[in-house]
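Here is a short report for a reader new to this structure.

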Amino acid sequence: QTTIVANTSATRDNVIQKVQLQLFFDPLDNVCNICDRTGVLTNGTINSLTRDWIELFPEQTEEGFQCFVYNSLLNSTYSIFSEECIAGRANFEEACCDDDDTLSIFECEDNIHELIVDGLNTITPPDPSSNEQDESFATEDQVEVSVLLDVVQFIDIDVQSNTFSMLVSLELQWFDKRLAWEPFIGGCHRVTYRASIDSELTEIWVPAFDLQNKLEGVQTLPEAHASVFYDGLVSWRKTGVLTATCELTGVTSFPFDDVSCYFDFGDEQDPLFHRVHYVNKENPQYFSSLTDNSFNFQEYRLLIEKTSVAEVTESLSGFENSFIRYRFFFDRAEMFYVHMFVVIYISFTYLSFGIFFVDSNTGERLGFVTSILFLLVAQDITLAELTPITQEFLWIGKLSLGSKCAVALVSVHSLVILWALTRDIEESEQYDERQEENISLLGATPIAQNEEVQRSVDLEGSSVPTNRQALINDTEENEKPVERQEKDKSVIGAAPTTQNEEVQNTVDLEESSVSKMDGR
């Protein structure tokens, strides 16, 4: 009902004409009008409260109250058009109004879509909303987007490619005043829209939010709808696996290290163009299997208490951009590496010292140490598949190098011992050869002397004189038997026993021959 009233008044200097327009509105709904005494409510029970109601009434957060209690609270203090009454209608409409007399959820959302979505600009970011609560952010030209991260499950860290993966649920929240409506008119306080970074698929504007150090980022997550509330609050949640690069901070003390990796969330464009400021208002939330450490059958375990969230700024090509960095710390299953590598390195290093208790003449000393060295090299090949190649020397690498050096020194010691033994054997053989040569030389000299004596005897035997003068000469020559005997004895003493006997026999024959000749 509309009434127009025109009034004209005149003064001394001028004439004033007034036109008054009066508009009269019927109650919005006589059946279910929360926060209005003329409405008719059902005394239902409020089983859940939304975030906006808790922010407006932090003391009225108990669940289980009936509709009449909340409606009396609103009627006694606030007008029907106040923010508090709007929040009341949005929260209690489903519990306090008779569904038979109100629109269905489908009819409600269909009406809102027809009212808002047609002709909506999905490219241009919205103006900042007065509902944004970040007092530290004073730039009026940028939209504030809150980032909420829930960690569902940690998957793995790949030390070879320096990457890590986690199953997360990522929620973005922002205000878009173009999507707000009066919940009492539409009949519902929340509707659903298609939301996507692809402008051909989305019904509303969404930020170009992504993982900056990504291998598989936010845009690769499955598509999800966005929930839009009556006050323009948009909540967009996507769930899936994110894979990012990882610096593996702290890996130098492997395997007794706490590895650190992080997610950098933000926009790749210059903030002057995308006009979005990303903020984090809550720490990450974790699935129950991560909080109670019940999922232990994997190499790494997430250290929840060490997780940190910070806003970092990076200088890019011609501009500076801000990111939200979630840094996670992981505890490695160190006992596996202790049993499989550390114990083996130390044990076999000490075992190689056992050759010092083995006889030096044993030929298996060098083979034993070489076998241990080959085993340590095989361990290194296996370890290389589980550790990254870094500029810094890892602790496990130092242990491996020390073990191989110790075994190599033991091998060198064995080589020196074998060389010394081989040299002694060669010298002994050479000495034996010289002895044999000396013996052979000593044995050849008496034989030559015996041959000369034999020749002299033969000559003497063949020259027996036939005349008297010859016999006389022989007799005179034999008058020196002592000298001849001494000479023969010296020859006999220089010869071996057998040869001396032969010489003695020869001498006896000569003497008997001389005797016979004298007898003649």
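## Cysteines and rings

Cys405 is partly exposed, with a relative accessible area of 40%. This is a predicted model.

The structure holds one disulfide. Cys246 and Cys261 form that link, with 1.7 Å from S to S. A disulfide is a covalent bond between the sulfur atoms of two cysteines. The link of Cys246 and Cys261 is left-handed, with -70° about the S-S bond. Cys246 lies in the loop between strand E9 (233-245) and strand E10 (258-266), and Cys261 lies in strand E10, so the pair ties together parts 15 residues apart in sequence. Cys246 is buried because its relative accessibility is 5%, under the 20% cut-off. Cys261 is buried too, at a relative accessible area of 1%.

Next come the aromatic rings. The structure holds 16 aromatic pairs. A pair of aromatic rings is described by the distance of the centres and the angle of the planes. The table gives two of the pairs.

| Pair | Centre to centre | Angle between planes | Type |
|---|---|---|---|
| Phe209 and Tyr278 | 5.0 Å | 50° | tilted |
| Phe265 and Tyr326 | 5.7 Å | 75° | edge-to-face |

Where do the partners Phe209 and Tyr278 lie? Phe209 is in the loop between strand E5 (190-195) and strand E6 (210-211). Tyr278 is in strand E11 (residues 276-280), so this pair ties together parts that are 69 residues apart in sequence. Phe209 and Tyr278 are both buried.

Phe265 and Tyr326 also link distant parts of the chain. Phe265 belongs to strand E10 and Tyr326 to strand E15, 61 residues apart.

The charged end of Arg325 sits over the ring of Tyr262, 4.1 Å from the ring centre.

Is Gly318 buried or exposed? Gly318 counts as exposed, because its relative accessibility is 82%, over the 50% cut-off. Gly318 sits in the loop between strand E14 (308-315) and strand E15 (320-332). Gly318 and Asp270 are 48 residues apart in sequence. In space, Gly318 and Asp270 are 8.7 Å apart, C-alpha to C-alpha.

Methods: Residues numbered from 1 in each chain as written. Predicted model: local features only at pLDDT ≥ 70, side-chain atom pairs only at ≥ 80, totals over all residues. Heavy atoms only, no water. Disulfide = S-S within 2.5 Å. Helix = DSSP H or I, 4+ residues; strand = E, 2+ residues; numbered from the N terminus. Buried < 20%, exposed > 50% of the residue type's maximum accessible area, 1.4 Å probe, protein only. Phe/Tyr/Trp six-rings, centres within 6.5 Å; stacked < 30°, edge-to-face > 60°. Lys NZ or Arg CZ within 6 Å of the ring centre and 35° of its normal.
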